[in-house]
Amino acid sequence: MGMYVTMPDDVDARVLLAVAPDQYVAERTRLVKQARADKDRRLATFYQALKRPSIGLWAALVAGADAAGVDKVVAVTTELAGTQAGGVDASSLNVATKARRKELEAFVDRAVKALAKFDDGAEKRRPEIRGIVDQLSRHPDLVERWVDGSLRVLPDDEFGFGSFAGMEVTTASQPKPQPQPETKPEPKSRSKAVRPPAAAKQTVSKADRAAERAAERQARAAHAERARKARHAVAVAARALSTADRELDTARSALRQAEAAVQLAEEARRGAEQRHETARLAASHLADSN
C-alpha cells in the first residue's frame, strides 16, 4: 500500500471516523469481516490497511470533513509562504501571519469539539491537534486524503510552509478530473448492433480512473519535492538573514556606545579647558602683581 492508502472510488473511509476513537479497531474488524463475507477482497484489503490514527490525527481528520475549512487553512498557509518568500515589508508579513493563525485556530476548535464528544480530556490535546493541523496545512498534496479521511501517516518535513506563490495548490474544492465518456458507434441495424457488456465498460472506466489517479499522484509528488527544496532554500536564507541582523544590531549598539563615550570625553575636555584657562589667568594675575 505504500506510505498512503489509496481509496477506491466507491468506498468511504469516513465510516471508520463515525465511531469513537476507542471503537475504531472493533469497527474496522467488523467492516473487514463483512467485506470478506461478501467476497469483496479489494474492500477488505482497503479497510485492513487503514490503521488506527492517533487521537490528535483522528480529531483533525474528523474536522477535515469540512472541505472548505481545509481549503482555507491550506490557502492562508500558502499565502503566508508566498509572503515570506517575496521578501515583503514586516506589516504585510504580520497581516498574513494573523490571517493564518485565525483560520488555523478556528479549524483546531472544530477538531477539539469533535473529540470532546467522546473524550473529556479533549481540551488537553489542543496543542497536539494544533501541531498536526499546522503540519498538514503545509502540504497541499495531502488535501485529498485529509478530506476523504484516508490519511494515516503524517508527512516528515521540517522546512517552511507547504507551497509558495506561483505554485499550483490542490484543494478539496477543485473538481477531480473525470474520464471522457466513450463514444458509441451507431449500429447499422438493430439485429447486428453489438453493445459492450456493462461489466466491460465499468472495467475500462475504472482502469482509466486508476491511470489518472496514478498520474496525479506522480505530479503531486514532483510538486511536493520542488516545494520541499524551495522551503529548504528559504530556511537557509532566513537563517543567514537572522545572523546578519544580529551582527548589524551588535555593531549599531557598539556605535551608540562609542558615540556616547565620545560625547563624555568632549564634555570632560571642555571642563578641563575651562579649568586650565582659569588657572592660567590666576597665575598671570599673580605675576603682574609682583
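## Helix 3 against helix 6

Helix 3 and helix 6 pack with their axes 9 Å apart, at an angle of about 60° (axes are lines fitted to C-alpha atoms, for helices over the stretch in contact, and angles run from 0 to 180 degrees between N-to-C directions). That makes helix 3 oblique to helix 6; under 35 degrees counts as roughly parallel, over 145 as roughly antiparallel, 65 to 115 as roughly perpendicular, and the rest as oblique.

On the helix 3 side, G56, L57, A59 and A60 meet E128, I129, I132, V133 and L136 of helix 6, where a contact means heavy atoms within 4.5 Å. The residues of this contact split into seven nonpolar, one polar and one charged. Here Ala, Val, Leu, Ile, Met, Phe, Trp, Tyr, Cys and Pro count as nonpolar, Asp, Glu, Lys and Arg as charged, and the others, Gly among them, as polar.

## Where the model comes from

This is a predicted model: local features need pLDDT of at least 70, side-chain atom pairs count only at pLDDT 80 or more, and totals for chains, interfaces and linings use all residues. Residues are numbered from 1 along each chain as its sequence is written, and side-chain values use heavy atoms, with hydrogens and water left out.

## Helix 3 against helix 5

Helix 3 also meets helix 5: their axes come within 8 Å and cross at roughly 110°. The two helices are therefore roughly perpendicular to each other, again in a right-handed crossing. I55, W58, A59, A60, V62 and A63 from helix 3 touch F107, R110, A111, A114 and L115 from helix 5. By class, that contact has 10 nonpolar, no polar and one charged residues.

## The whole chain

The protein chain has eight helices and zero strands, helices being DSSP runs of H or I with at least four residues and strands runs of E with at least two, numbered from the N terminus. Buried residues make up 31% of its 290 residues.

Definitions and conventions
Buried < 20%, exposed > 50% of the residue type's maximum accessible area, 1.4 Å probe, protein only. Left-handed = near helix turned anticlockwise from the far one by under 90°.
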